[in-house]
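Here are some notes for a colleague who is new to this structure.

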Amino acid sequence: MDVGRALDQIAEIHQQIAKGEVYRGYRSLPIAASGLIGVIGASLQPRTLGVRDPVGFVVYWAVIAVCAAFVGAIEIAHNYVVHEDAASQRRTRQVVGQFLPSIAGGAAMSVCFAHLNAALVPLLPGLWAICFGIGIFASRPYLPRASGYVALFYYAAGFTLLWVADAPARLSGWWVGGTFGVGQLLAALVLWWNLERGTTD
């Protein structure tokens, strides 16, 4: 018997089983907190930042995004290191790995647009929202079914932002912080309603 082939088949079976189970590593409180960071970032951003310094706008929101990602993922990272066994760690890597390419794509567009032409920066809030929606759709096999509506919200918001992104003079921090804040609060509600409601842990 080919041991390598057997191990590959077992791994494939585990992967198919995992797709049928909802991942419980994402928690509503950290996700909601990450959304609130976006709202706070929008309220604190100087109004003229996008108009006078579009590249500074990108840097500002990149820092906010890192802070929000840290808050949103800290419990996952803690559980991964402290509580999860090898199988659970493999599942966490798989689920998080579904989401990361969309984040990497958004980051790559940010760097390229800021480098090529500051006039392209107003397109980024819409593209960021669409990338985030793509990440949620990619992760949807492991998330509650209602998470698809959250992804659709990001798609709709991204399309709307691209539609109105005609000049840096229209660039607003609320385009990013408001969209992300509402989207993450919706995601937190979906997680709480489907996975945490009525539980004590």
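1. A cut-off comes first: a residue is called buried under 20% relative accessible area, exposed over 50%, and partly exposed in between. Glu75 has a relative accessible area of 28%, so Glu75 counts as partly exposed. The model is predicted, and the points below should be read with that in mind.

2. How many salt bridges does a search of the whole structure find? The search finds 2. In one of them Glu75 pairs with Arg27, and the closest N and O atoms are 3.9 Å apart. Glu75 belongs to helix α4 (residues 54–82), while Arg27 sits in the loop between α1 (3–19) and α2 (28–44), so this contact ties together parts that are 48 residues apart in sequence.

3. Arg27 also meets Glu196 in a salt bridge, at 4.0 Å from N to O. Here the distant parts of the chain that are linked are the loop between α1 and α2, which holds Arg27, and helix α8 (residues 173–196), which holds Glu196; the two residues are 169 apart. Through shared partners, Arg27, Glu75 and Glu196 are joined into one network of salt bridges.

4. Is Glu196 buried or exposed? Glu196 is buried, with a relative accessible area of 12%. Arg27 has a value of 22% and is partly exposed. In general, side chains of opposite charge can pair when their charged atoms come close.

5. Helix α5 covers residues 86–116, which is 31 residues. From its first C-alpha to its last, α5 reaches 44 Å, close to the 45 Å expected at 1.5 Å a residue. Where does α5 bend? The bend is at Gln98 and amounts to about 30°, with a proline, Pro101, following within four residues.

6. Several residues of α5 are buried. Among them are Gln89, Arg91, Thr92 and Val95, and also Phe99, Ser102, Gly106, Ser110 and Phe113.

7. Which helix supplies the largest share of the patch? That is α7, with 3 residues.

8. Tyr155 is partly exposed, with a relative accessible area of 30%.

Conventions:
Residues are numbered from 1 along each chain as its sequence is written. This is a predicted model: local features need pLDDT of at least 70, side-chain atom pairs count only at pLDDT 80 or more; totals for chains, interfaces and linings use all residues. Side-chain values use heavy atoms; hydrogens and water are left out. Buried means under 20% relative accessible area, exposed over 50%, partly exposed in between (1.4 Å probe, protein chains only). A salt bridge is a side-chain nitrogen of Lys or Arg within 4 Å of a carboxyl oxygen of Asp or Glu. The expected span of a helix is 1.5 Å times one less than its number of residues. The bend at a residue is the angle between axes fitted to the seven residues ending there and the seven starting there.
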